[in-house]
Amino acid sequence: MSNQESLHEVLRQSAEQLYAHELEALRQTDTGKVPAGWQMSPQAVLTFITGGKAGKVDITPKYIGNRRLVEMAIATLVTDRALLLIGEPGTAKSWLSENLTAAIYGHSGLVVQGTAGTTEEHVRYSWNYAMLLANGPTPEALVQSPIMRAMEAGGIARFEEISRCASEVQDALISILSEKTISVPELGKEMNARKGFSIIATANTRDRGVNEMSAALKRRFNIIVLPAPDSIETEIEIVRKRVGEIASAYDLQAAVPAEEALHKVVTIFRELRSGMTLDKKNKLKSPAGVISTAEAISLLTNSMALAASFGSGELTDEDLAAGLQGAIVKDDDKDRIVWKEYLDNVMKKRGADWHGLYHACKEINQ
Amino acid sequence: MSTGNGNGVHIFGVRHLSPGGAMHLLSELDRIQPTAVLIEGPADATPEIRHLVHRKTRPPVAILSFTAELPVRTALWPLAEYSPEYQAMKWAADHRAEASFIDLPSSVMIALQEKRDLARKQRPALGDVPTAEEPDEQTEPLSLEEREELFSDHQHGSLYDQIAKLAGEDDYEMYWERSYEHNLNPDAYREAILAFSEQMRALTEEQEKIHATVEYAYNAVREAYMCRKIQDAIQQGHQPDRILVICGAYHAAALRTSVHIMTDEEMKTLPQRPTRLTLMPYSYYRLSSMSGYGAGNQAPYYYELMWQQMKSGALDELPHLYLSSVARHLRQSGTHRSTAEVIEAVRMARSLAALHHGSAPVLRDLRDAAQTLLGHGDLAVVAESLAHINVGTSIGHLAEGVSQTPIQDDLNRLFKELKLGKYKTTVATDLVLDLRENRRVRTEASAYLDLNRSFLLHRLQLLGIRFAQLKSSGQEQASWAEQWVLQWSPEAEIQVVESTLLGETVEVAAAYVLQQKLEACTTIAEASRLIVTACECGMVTQLENARQTLQRLAVDNQDVIQIASAAKGLSTIIQYGDIRRVQTEPLVPLLEQLFMRACLFLTDNSQCKDEVAAEMMSAIHELNTISLDHGEAVDESLWLHELQQLMSRDDLNAKLSGFACSLLMERNVLEASQASAEVSRRLSPGVPAELGAGWFEGLSQRNRYMLLSRISLWEQLSDYIDALEQDDFVRALVFLRRAFSTFAPHEKNMIAELLGEIWGVHAEQVAEVLTEELKAEETKMIDDLNDFDFDDF
């Protein structure tokens with residue numbers, strides 16, 4: 001990322017840019033002991049993630065829900081262990097990982113994005129072949145992986161979707177995590193990690209195209225499982241906060257959804273996810289795809305974009321219905337039936353408040 | 001540094017079951033060297049202190065107080081090794097100081113308790129006023145009833161939750177452990193706890209005066225009484241500054257500022273209920289399952305570990321000990337975890353504690369670290385091991401004869417009388433009883449020794465005291481022999497003590513339990529089982545009650561299966577009752593009545609599906625046996641008539657009809673010609689395969705030699721099969737195959753030979769073909785049968 005790019009042109013700002021003033025305030029008011037290689041004390045990191053106050057600056061909560069999990073994650077990083085966040089899609093694994101890195105190291109950009117095509121070079125290092133051919137192996141010709149750069153700087157590297165990499169590639173991490181060095185035999189030297197180095201990896205539990213992690217690798221991580229939000233209030237709060245932030249970042253020319261719309265969307269999502277109505281009286285079918293909190297957020301922002309671009313700027317039931325259709329019906333026929341059943345068996349009977357949304361959804365889901 | 005009250009008495013506030021408190025208390029005791037140690041606890045339990053500190057006593061133990069009359073009410077004061085009170089008593093014994101309990105006697109305590117319960121029920125809802133109606137929840141021993149109340153008391157929890165939240169902890173337990181248990185600085189604990197309780201009181205007292213007057217009065221009475229006891233100690237000649245009072249933190253502030261001292265007149269006006277008091281062994285498991293009770297309740301063994309570590313000055317190593325114990329337990333149950341992971345878990349727990357500015361990890365930190373490192377993020381993996389290490393399996397022990405409830409006395413007397421004393425060991429021992437009268441001895445007591453033993457053991461079983469297990473015995477001795485496995489355990493001791501609440505002797509308690517069961521009983525099968533139980537326990541009065549219960553229930557019952565099983569129970573008792581010297585005559589009319597009902601509803605019940613037929617068959621078998629055994633009492637001719645009905649009617653379950661037919665053949669009621677007519681009627685061409693073959697299946701359930709001896713039957717079967725169409729044949733085959741599956745190989749051979757004779761084939765050839773291995777082709781045909789589609793039925 002070059003410096004000339006102004007912040008406004010970046011599609012998505014990183015956590016350290018987005019919350020720069022909060023981080024600054026925390027650093028200034030921090031009184032706790034700062035571990036080597038850290039930007040601030042563990043307590044300050046906790047405040048940054050779970051919210052609170054730093055002097056006069058309000059710190060917004062970044063991870064809403066289980067504070068204890070955040071404590072466990074920070075405690076892990078204090079002991080220079082690597083952290084593995086596991087959870088179903090859309091449980092804020094990457095979000096938490098990015099914010100933790102931003103607070104602790106100040107730079108969340110050292111990322112390996114795991115895919116089936118990720119090779120060991122992406123984890124360790126590769127070469128600039130033109131220079132390699134011209135001059136032979138020299139430090140200049142070495143292309144360091146984000147992990148190697150984090151080691152050099154004593155920072156935190158993030159490994160996204162680690163379980164999507166082939167097992168052999170995952171296992172390249174084993175010796176890095178236990179020895180905390182990467183040796184470069186071509187140069188006859190090794191890179192030793194400085195204090196503060198750690199890795200935060202994220203992985204999905206149930207999804208297609210996921211590889212099982214080896215026991216040896218798992219043993220080198222502290223594993224924390226992130227659950228789906230446990231109460232509807234927590235989930236509504238999460239959605240409200242993120243939708244507001246995204247709307248202002250993307251400059252969406254639509255009003256932030258009303259409490260009622262939020263409540264409806266989160267209710268529908270929670271009911272379909274758990275396969276049960278909130279009052280636990282009716283059993284439902286769940287759609288094949290994952291219906292996470294993250295999807296609720298993107299659904300609402302989509303609907304807002306629809307409303308802004310093609311509507312009045314006010315979020316209508318039709319906009320919501322279009323969003324819901326897209327989020328829920330992924331595996332065409334089956335999901336369509338699930339959604340239809342939900343509409344007729346549950347939503348239709350919910351009374352006048354839901355009528356508008358019901359008819360709008362019904363119309364789209366033909 | 002004395003925290004004395006007006007006259008210089010030292011007050012030390014503790015939380016019950018708190019190792020930290022015990023540790024600080026010990027150093028305080030050493031510093032003050034008191035001559036009198038006054039402990040919050042029922043004053044009438046003071047004489048028990050010498051038993052509590054006896055060198056053979058192993059905590060956990062409890063002081064149990066119970067009312068002698070109904071309704072039984074109890075109060076319980078459990079003590080663990082690490083209870084401050086227990087350590088204080090031990091200290092006093094070692095240093096020749098006088099230790100005594102100074103709280104209200106249990107008789108008053110229980111009487112007041114009743115008033116409180118009453119008041120609580122009458123009190124209107126308080127809305128959202130944040131009162132803490134029992135501010136000393138965490139510092140008070142609570143009775144069973146009280147605990148339940150507390151459990152549902154949400155308002156109450158909120159105050160403690162708020163405190164924890166303000167301190168940045170997830171729950172109050174974490175807050176307490178971090179703030180008080182780990183704090184080993186001298187004086188800091190006492191000061192902190194005093195300040196805490198003063199503030200707590202200030203917060204709740206005003207509200208309580210208005211909204212919970214009974215609670216307020218209850219505490220005031222207790223504190224006045226305690227002050228009185230302190231004053232008494234001073235008058236007995238103890239120097240005020242050589243007196244140390246140990247009480248719940250909540251009361252510490254009050255005793256310190258010296259509230260009202262109770263006068264003699266006031267003491268006389270206190271309500272009372274006559275109570276008894278005893279010590280009983282206790283277990284960590286019970287301690288942990290008492291929700292709402294003070295610190296250490298959830299994890300007694302963890303707190304014991306903490307206490308041991310504190311004593312050896314190695315509190316720092318508690319996380320190592322705890323987490324490696326968890327890992328060891330995991331390995332034993334087959335989940336391997338490395339030492340490296342334990343090390344990392346300790347580090348993580350420490351850094352979690354540091355996040356809360358704590359000096360050492362609390363239980364919750366250890367749990368979360370274990371979940372992350374040893375469970376790989378999954379709590380379920382480590383949950384069992386954690387529970388094991390938290391709770392532990394310790395069971396307390398008291399010196400012989402210390403724990404004396406009337407029922408224990410009674411049981412010991414019975415053990416002596418019945419010469420069972422030697423079986424009271426923890427080693428499992430077999431005991432075979434011969435219930436018959438021993439004619440070679442002179443006294444009646446020894447003639448019926450085994451019978452009386454059997455009564456006792458059955459009664460203990462009824463009381464749920466796990467001392468004796470009955471093994472099923474061999475058939476030939478069934479009526480007069482019983483095989484028992486006897487094993488005594490501390491758990492059994494606890495169960496005996498608890499049975500005190502049911503009655504003063506084993507017999508009375510057992511009768512009470514049986515009566516309760518009878519009142520709750522709703523099915524006749526259950527009632528008949530209770531009759532058997534009453535008989536086994538030798539309880540004549542209850543036998544009559546049980547008989548009435550069964551009679552009452554039987555009037556409305558039309559289910560032959562249930563009636564038959566009840567009747568069977570009765571029949572056994574009537575036949576063998578005299579072995580137990582039980583008068584069984586009153587049961588005979590009931591048996592007649594049950595049998596009669598069974599006969600009357602037999603055909604109705606026989607219109608059933610095949611699934612029920614098996615049960616019906618065994619019911620019919622039982623009834624038939626009864627009609628044979630009690631021929632003079634029950635209406636045998638009615639029975640035979642009903643069986644004939646069942647046999648000849650075509651609208652009933654074919655299997656049962658077949659079964660009835662075989663019974664009638666067996667009893668020689670059916671003549672050969674009638675039998676063969678019936679067989680040919682049932683197996684005539686055109687009868688649907690499933691009915692014909694099903695009928696044959698029922699027929700073949702009974703005496704097979706009788707069937708095998710009737711060649712005509714097999715001829716008829718053979719003709720029937722010959723006459724079947726291909727489709728029907730396959731259907732019939734399925735049923736017949738099932739019918740024959742229960743035949744033994746030699747029986748099958750005999751059938752084959754019979755059929756061979758009928759078909760004019762040489763017997764040996766037939767046998768050869770039959771015993772040959774199946775060919776692949778045949779195997780396939782049989783497999784195809786398995787997939788047979790029964791389509792419409």
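Let me start with the sheet in chain A. Five strands form an open sheet here, in the order E4-E7-E10-E3-E11, with parallel pairing. Strands are DSSP runs of at least two residues, helices (H or I) of at least four, numbered from the N terminus, and two strands pair if DSSP finds at least two bridges between them. This is a predicted model, where local features need pLDDT of at least 70 and side-chain atom pairs count only at pLDDT 80 or more, while totals for chains, interfaces and linings use all residues. Residues are numbered from 1 along each chain as its sequence is written, with chains lettered from A and ligands numbered from 1 in the order in which they are written.

Which strands stand at the edges? Strand E4 (111-113) and E11 of chain A do; each has a single partner strand, so one side of each is left without a neighbour in the sheet. E4(A) pairs with strand E7 (residues 156-160) of chain A in the parallel sense, over three bridges. In E7(A), A:Glu160 is the bridge partner of A:Gln113.

Now the interface. 19 residues of chain A are in contact with 15 residues of chain B (C-beta atoms, placed from the backbone, within 7 Å). On the side of chain A that touches chain B, helix H3 (42-50), helix H4 (67-78) and strand E11 (221-226) each supply at least two residues. The largest share, seven residues, comes from H4(A).

Last, a helix contact in chain B. B:Glu223, B:Met226 and B:Cys227 in H9(B) meet B:His251, B:Ala254 and B:Leu255 in H10(B).

Technical notes:
Contact = placed C-beta atoms within 7 Å.
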